[in-house]
Structure formats: C-alpha cells, structure tokens
Amino acid sequence: MTGVGTNYFGKPISRVDGHAKVTGAAKYAAEHNLPGLAYGYAVPSAIARGRIRAIHTAEALAVPGVLDIFTHAHRPKLASSDEKYGDEVAPPGSPFRPLYDDQIRFSGQPVALVVAEDPETARFSASRIRIDYHQRTHITDLEGNRGRARAVSENGESHSHKRGNAARAFDHSPIRIEVEYRMPVEHHNPMEMFGATAIWEGDGRITIYDKTQGPLNCRNYVANVFGMSQDAVRVLSPYVEGGFGSGLRPQYELPLAVLAARALRRSVQVTLTRQQMFTLGYRAANIQSLALAADADGKLTSFRHEWLGMTSQFENFQRSYVTWSSQLYKCDNVELVQKLVKLDHNTPCDMRAPGGAEGLFAIECAMDELAYAANLDPLALRLLNYSDKDQIEDKPYSSKELRECYRQGAERFGWSKRSAKPRSMTEGNELVGWGMATGIWEAMQVEASAKAVLTANGSLEIASATADIGPGTYTMMTQIAAEMLGVPIEHVTAKLGDSGLPHAPVEGGSFTTSSVGCAIQTACRAVQNELLRLAQKAPRSPFTGAKLEHVTFADDKIRHNSNGAEMSLPDAMRAGNVDRIEKEGTAAPKENSKYAHFTHSAIFAEVKIDEQIGVVRVTRVVNAVAAGRILNPKLAASQILGAVVGGIGMALHEETLTDNRFGRFMTHNLADYHVPVNADVHAIDVIFVDEKDDEINPLGVKGVGEIGIVGTAAAIANAIYHATGKRVRDLPITIDKLLRA
Amino acid sequence: MNNFEFTRATDVADAVRQIAADPGATFVAGGTNLIDLIKEGVTKPSRLIDITRLQLNHVEDTSDGGLRIGALVPNSDLAYHPEIDKRYPLLASAILAGASPQLRNMATTGGNLLQRTRCFYFYDTTTPCNKREPGNGCSAIDGLNRMHAILGASEHCIATHPSDMCVALAALEARVLAAGRDGERSIAFADFHRLPGDTPHIDTNLNKDEIITAVELPPNGFAKNYSYLKIRDRLSYAFALVSVAAALEIENGVIRQARLALGGVAHKPWRDRRAEAQLSGTPATRESFMGAAQTLLSDARGFGHNDFKIELARRAIVRALSQAASATPQSQIEKRVR
C-alpha cells in the first residue's frame, strides 16, 4: 500500500490532538462544569489500621452550602462481594471498597465524602469533621518484616522458576557475586489529579468523565458496585494527562462521585488533591537478592534472583520481576523466586514498566558487578551470554534485534573509548563514568475491537474504547486508518475514551498499538472489501474480478495494480449507491504461538560526578530500541525520551518516605517527591533499530510505552560505579549514600 | 482549610491598623508558601490582608551608599536588578538558586524572610509537631530527619529555615525594616530569625502587628570574591541539604574580612562570627578554609538520617570559600560545581 500522498506508516506525524491540548480545548475529567454541579471532597483516615468508632459530622453538616456527608454509616446501598469490586486488572484478593465499612486498612483511606455547592465549602466542611478511631497496631515496614515474606501463587501466577541446580553450580564456579538491591516506594504523580464528574441524567442513567486508562473497565466497575445495568452507565475519558499505570484500576474518586450523584440525584464532581494522590497505588518497595556465578571465561553458570516485595493486607499484587534474566542470558542453573510481605498499606499497582523496571534494575546492576568480577567489559559479558530463546517458555523469539541495539548504541555512545577501570576517566574536577544496561519488555497484544465509518464526502471516523494517556493513541489510530484506506490524514477523525465505543482493554502494558491498531487494521480491511465490492458495481467496472490483493488504496482512490485503473472512493460508493460504510473489526493475539515476543533495548549512560560533594549529573544517555515496526518515529521517540527521564528519576530522585511509627507515607507533595527537572536532563539520544517481525501481529508492531525506562536506572547506577568505584545498591542514589559509600 | 476574610491594605499605616485589629489575621503578598500552609490546614488565618498594593516595590540607594529593597520587590526582579547584579552578586546568585522562575516571579522580598520550614511533620496535621502545635512533641527528632538541622536545634524542634535569599542577606549583614504602631524600626538580620529553643512556633522576632517594609543592604557587597553554593537532591528546584554563602575581602592573598553563612542546617540562616574572625588575617588557602569549617561545625550534631550533612557542610564550606577566593563563583545556570 504505497500511495504518494497517503502513505503514513513510519512518518513522524505530529499529534493530531496537540492543538486541542496546548490551547486548552481538550477538557480533562474535572474540567467539565455544568449547571447545578455539586462538589465532593474525600476525607482521608489519619491512621493505618483499626476501626472507626464514630464520625462526628454535625458541625460539618451545619456549614452553609453542605449538601450531605457520606460515610460507611450513612451511604446508599453498595455491592459487597469481592467479585463486584473486581476489575480488569485487579490482583487476586479482596478489593478495597470505599465507604463500605468501618475498617481502616491503610493511612489516607477515604472515610467520608463531603458534598457541597462549591469545592471550597466541601473542603472547609471536611476540616470540621471529627473521627474517633479504635487504633490497632500496624506494620508498614518491609525491611523489618522480611521474616513474614511468603511466596504467593494464585491465578496461575507464581513467577518463580527453577532449572538445573543453581546452588551447586554456584559453589563450583570460579567467579561469583552475591548482592542485594533495594528500591523505595514510588508514586506515579501524573500532572493531572484524579477526578470524576458524574453527570446525573435524570432518568436513572449516569455519565461520568473520569481520569482513567480504561473507560470500559470503569463502566463495568460502576455497574457492578451500584447494581446498575451497563447501559445505564457511560464512562468518558477522552483526554487523560498521564497515568503511568495509576489509572489502570478504577480509583476511589469514581465510586465516590457516583455514590453522591445517585444519592443526591444531582451531578457531582470529586477531585483528589496532590496529597491524596499519595493514597492511591504505588510501585512497591522491594529487596532483591541475586547470586550470580560464571566460569573462567565469563559464561553464566548459575543465576539466582529472589524478589521480596510489599503488598497490602487485602490483595496480592505482583508482576514478573525475576524472570527476565532467563529471556536475556543463557544459563542452565537458575532459581528465581518471588515473595511478598503483607503490610498495612494500600495495594501497590502497576507503575511505568511494572516488573521490568524493578527486575532489570537489579539484574543489570548484578551483571555489571559480574563483569568486573570476571574482568570483562560489561557489554562483552552480555554478548557472551546472549540467549536466542526464552528459557522460561523454551521458545525462540519472533524477532530479537538486541545485538543490533548493543552495536548501534555502543557506536553512537562511543563505548569503545571507555577505559575499563573505575575512577579512570575524569574531566576537570569531575569523575566521568560510563555504564550500560539491557532493557526488555514483553510485547503483548490483547483482544480489541474498532469501528471505521467512511462517508461519501470522504471523511473517515475510527473509534475504539481505548484511552490516550499521552503516548499519542489518537494519532496512531488516525495514521493506521489513513494508511489503510488511502485517505488524507486530515479527513480522518479518531474517537476514544468512551465506554460506548467498541471494546478495548485498558491502555497499559505497551499493548495499545498492537491491540487497537490491529483492530483498526481489521475494520479498515472490511471497509476496503466493501469499497472494492461497490466499485465492481460501476458500469464496465475496471475492477471486475479483482481481489483485495490486486488493488491499492491511496490518494483517496482505489487503484488496480495491474491495469492501473483508478476510482475515487466517493465514486465507488456512488457506484454502489451507498453514502456510508460502517465496519467493525476485532483483532486478537495468535493462540499458542511458537514464539516468544519481546521488545529489547540497550542503554548507555554517562555521568559526571563531583565526588567531594556527591553531585551527580547524567550528561548523556543513548537508548537503542528494537520494537518491531515503528509507526511514528516522532511519537515513539517521545515515549522513549519520557521514559528515560523516568529512569533518571528512578536512579537519582524518586522516593516516597514512610514513617513507620505512623504507618504513613510522609512524602506527599511535589516539593518533597522529587522527579527530574530540566536541569537534571541533558542529552538523550534515541535510536530505533530496524526490526522486521511478520509473526507477531499483522502490523508488525511491539509497542514502546515502557521499554524506555527498563534498564535505564541500572545504566546510570553502573555509570556511577564506573566513575567513583562506589556501588550504591539502594535507590535513589542520593548525595548522602554516595558520601557514605 | 478555613474560611477567612479577605481585605486589602491601602498603605502601611492601614496594614498595621488592620493586623493589630485582628489577632488571627496575616498578611499575604506572593502567597507562595502561605497558600500551601492554608490548604494543608497548618495555618488557619481568620483574615488575609492583601498588601500587594502598598508602594513597597522600589530598589533605591541609601544615604550611606547601601541599597534599600522594598518588601514587595519580587524575587525575580531583585535577582535581575542591575544594581544587585553589579554590587551584590552574592544576593542575586542566592535568589536564583532558590525555587523556580514561576515561584520567584510571585515571591516577594519580605515574604521570603517569612517562609516557614518544609519539615514533613509540620505539614502533616495528623502527626505531632511543636512548631505547629506547641507542646505536642517533635516527630522529626526520632523520625525522618534527613533534611533537618545540625546546628542550633533544640529538643523541641530540629526544623530548618528553607530560604536561600536569607542566607546571602545574613552574610551581607542586611537589616530588616519593620513598621508597627510605634513607627519603624531596623532589625539586624542576625536578630531577625530565631533558634527554636522552647518556642519553635515562633520563627522570627517580628512582632505580630508589624510589617516588613524593606531590607537594607550595607555598602559592602563583596562583589569581587563571593560564591553561593547550594547542594541539593536534584540540580534545581529543591531545598538545600546544605548551602553556603561565602564572601571575602582579600588583599595580597590575605583575607581582610570574611563572611560565611549556611542554609539548610539550622532554624535560621547560620552565621558564625568565630569562624569568620578566624579567617581574617589568614592566607586565602584551603587550610584556612578547613580551619574555619572546623570551627563553624564544632558543635554540629546529627539526628541519624542527617548525620551526613556535617561532612557535607564541611566540604561545601571549603569549596564555596575556594570559589570565592578565586573569584570563580558558583554559576546557578551551569550545574557543574566549580
């Protein structure tokens, strides 16, 4: 399909929603104002564990303008079963039920909702509520409760894996390292606060603008929790300013807004404060122990990796943290274990490459340590142990251009000029360090549907109930549809973020382009078929007898590949006497694929460090990515750039501190929760390595939403070691740790 | 968050009258800290008196050759004021080391002096804090105290003063002009902020019914040999772990006069006259600087997480004095430490 003017695959198309976003025309969930809108403010619990003895609301209710105050003791009927509170991405366990009962399960849990005529009144009234607690002893400290760690295997997920005899191989190997890495709790902190505007439609139906990565997931949740029919609930999320995983599950602003709207028979908006953003899910703190051994040449002989992570008392959240080494490095003796400690916190949730970002930090730092122990270049060690198959599933890869990532990344970075010895490179009064790491992420696809509507005036609309949390999903959808039907991109409109649209999964896991993109491809293929059928109805049609593979759709026309005949799309539709073609398509991943599907990357980082006072500057990062076909290099590079910045944050800045005496996160604003600012971000160079993959899905795409952060923190930590000779195994790497090391 | 009255002051006398009339009232100018404090329920003013229309936004020469800075001059304007840039570059540098451009555009000279600590516990009303509620205990002493004081702390409070600008003002020996019902008075900068003692809820010696009208700088701006070095957890937009304002007068390699003030280490900008006196008359060498750092930090004490600040402060003092002595002040644009 190569039209001159309508060939959009691989083109750096700018965001189609960019103008709406920078001009403010794009309205976010809590920007929808309507007459009679009431405002809710959630009241957080002050303790981590216990029971509410009493909530005194009389004074708060007396504040003029207050409509009602909902608590567990004063609320409409809610569902009770775990099943009703479950959602598409809920981990095994018993989901938190807002305002359901008097139990306090984590500090900051919403225990009341004040609804008033304006947000200021709601918040003022909330300050007049007094709560008596029966407090119970809490445990919130992962380190101090290591002894409570248990391997958890449920719903077919254990993530543990064993082959060969890792302990024996370790004991008999000449090169060995045993190390322990730590990561703190991190919070997503998208710019946009969670908010829901629940519009009371007056006929029992409710429409909700919600900040979510999955409008259908939220629609089903609301219908279940409130015992409503799915038809009576519509969830809209056309614009979402960042999610990073925090919006995959329905968050509590949604049920609270709906609860109040139904009880008051009035539209209600609930917005969280930045402080309350720290009461949602988070990346779990973890302790990772690794024991690696190699033979005298540096070939891995034993790989042991144990993950110790935190979860809540009521759900077991875990992702695959320890399996990645078996996809990257050939080794016959492997023992991989995941354990969880249940703590009195909210349940962790997916955050920026969950599983990969944490696991690869430890794996890739350990590989760096092994390289020094083996007296090998860190890149040489990885090439020496390169695996051509996924040793967990025992499958070859549908494509794996990781070698090329290493080669191109190293070349761009100048890796060959690296002096191996730590502390051997300097510039002025700074130590210079060069470090590298590998990144890997699963290239997933989930069943999804999309609709394409072509009208005789030449406009094309495509729609799917996915979200666009920032990666450019609108643009991706537009580009694929325009390319497929050969329609100028300006004539294409994409619709998403609406539970009324064809089914799509939550936007996460880097699987939106493969899932929704392939659904659009299928829907557009159906439109193509219909167009061809109509074109054949024209008198003396040059397309008579032609099949889809005999024609090209480009420049608003169908073109016959052999006889060169052309017919405009409107003409074809006129020939068939239709003014509208509407087709829905569904795409699902191949079942029982013989191949493993992964995205890969090689990250090279340079740091400059003033050792005396511990100031670290990440002066250069090269990230070479192999992710199948890159549909839009501009937006794809943006994804990697943003993710590398996230990796810098993970390496040097991000940390939510807990005071275990209070069982409470004490970091709850953006002055204390540091993310990189402009001054922390220098040159970031993104390379997309050519990778052809006809097996993975019809578009040949893998997704780039998460791969950019995986391995980045390790590359930086390894560069810091190379610069200083100090191995800080505890993120974030801050000045105090560098001075202490 | 509380309901409050909002009124406007027409002139300084009116402002003083209004604040005296309502014990729960507070002034608001830029509001960059105050509004946060109100939203978090830390401060519950009954009335906000908007002083932004007072005519206190001029920078002018004083009769003794110094400079008078109106209390409402925005931090940005001050940092980029040509006279400040030329005569008091230490002050300009310190201001630019703080906050972000947006905050500096809003923040005022007087307000910067009155900003409150960023201690976690002070902001979280579910935890005890003597500064917020006198007598209910300090959570930081045995808690998360990485950002906290190593000098001049008390058993009641180990919070730090967060300002960068004030560290330079302390080094420059500025004076604070305050107007009250009995007229205007001038307060030495060293006497403006307080140590916590057993009254950590009182940050300054400004009376409740006084208003800051100006900050006065003496003629000597140490424009030749100075540096403001700020060490923090990211390269911009973070409060200081340790910051150092160093100002020297050097003749033939010998220090004639030295000023040394630290931020991020105490409840007020920390100045140590013993250390300064020790420098005076000595050669401008690393050895002298080490000695001064030793003296300044001789009583320093950590509380666990912040122990590292003592060594960090020592190194930062030596580095800032070296930068000052060699007339290569720390650039606030280039983040490499010189």
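Q: Which residues of α16(A) and α17(A) meet each other?
A: Welcome! Two residues are in contact if their C-beta atoms, placed from the backbone, lie within 7 Å. Helices are DSSP runs of H or I with at least four residues, strands are runs of E with at least two, and both are numbered from the N terminus. Here V644(A), G647(A), I648(A), M650(A) and A651(A) of α16(A) meet T712(A), A713(A), I716(A) and A717(A) of α17(A). By class, this contact has seven nonpolar, two polar and no charged residues. The classes are simple: Ala, Val, Leu, Ile, Met, Phe, Trp, Tyr, Cys and Pro count as nonpolar, Asp, Glu, Lys and Arg as charged, and the others, Gly among them, as polar.

Q: What kind of model am I looking at, and how are residues and chains labelled?
A: This is a predicted model, in which local features need pLDDT of at least 70 and side-chain atom pairs count only at pLDDT 80 or more, while totals for chains, interfaces and linings use all residues. Residues are numbered from 1 along each chain as its sequence is written, and chains are lettered from A and ligands numbered from 1 in the order in which they are written.

Q: At what angle do α16(A) and α17(A) pack?
A: Axes are lines fitted to C-alpha atoms, for helices over the stretch in contact, and angles run from 0 to 180 degrees between N-to-C directions. Helix α16 (633-652) and helix α17 (712-724) of chain A pack at about 50°, with their axes 8 Å apart. Angles under 35 degrees count as roughly parallel, over 145 as roughly antiparallel, 65 to 115 as roughly perpendicular and the rest as oblique. The two helices are therefore oblique to each other.

Q: Which hand does the crossing of α16(A) and α17(A) have?
A: A crossing is left-handed if the near helix is turned anticlockwise from the far one by less than a right angle, and right-handed if clockwise. The crossing of α16(A) and α17(A) is right-handed.

Q: At what angle do α10(A) and α17(A) pack?
A: Helix α10 (356-373) of chain A packs with α17(A) at about 35°, with axes 8 Å apart. Their crossing is right-handed. The contact is made by L360(A), F361(A), E364(A), C365(A) and D368(A) of α10(A) and A713(A), A714(A), A717(A), N718(A) and Y721(A) of α17(A).

Q: In what order do the strands of the open sheet β4-β2-β6 of chain A pair, and in which sense, parallel or antiparallel?
A: Strands of a sheet pair through backbone hydrogen bonds, either parallel or antiparallel. Two strands pair if DSSP finds at least two bridges between them. In chain A, three strands form an open sheet in the order β4-β2-β6, with antiparallel pairing. Strands β4 (103-104) and β6 (130-135) of chain A are the edges, each pairing on one side only. Between β2 (50-56) and β4 of chain A there are two bridges, and G50(A) stands opposite I104(A).

Q: Why is one side of β9 and of β12 in chain B left without a neighbour in the sheet?
A: Chain B has an open antiparallel sheet of four strands, ordered β9-β10-β11-β12. Strands β9 (225-232) and β12 (270-271) of chain B stand at its edges with a single partner strand each, so one side of each has no neighbour in the sheet. A261(B) stands opposite R271(B) in β12(B).

Q: How many residues does each chain give to the contact between chains A and B?
A: Chain A gives 28 residues and chain B gives 29. On the side of chain A, α18(A) provides the largest share, four residues.
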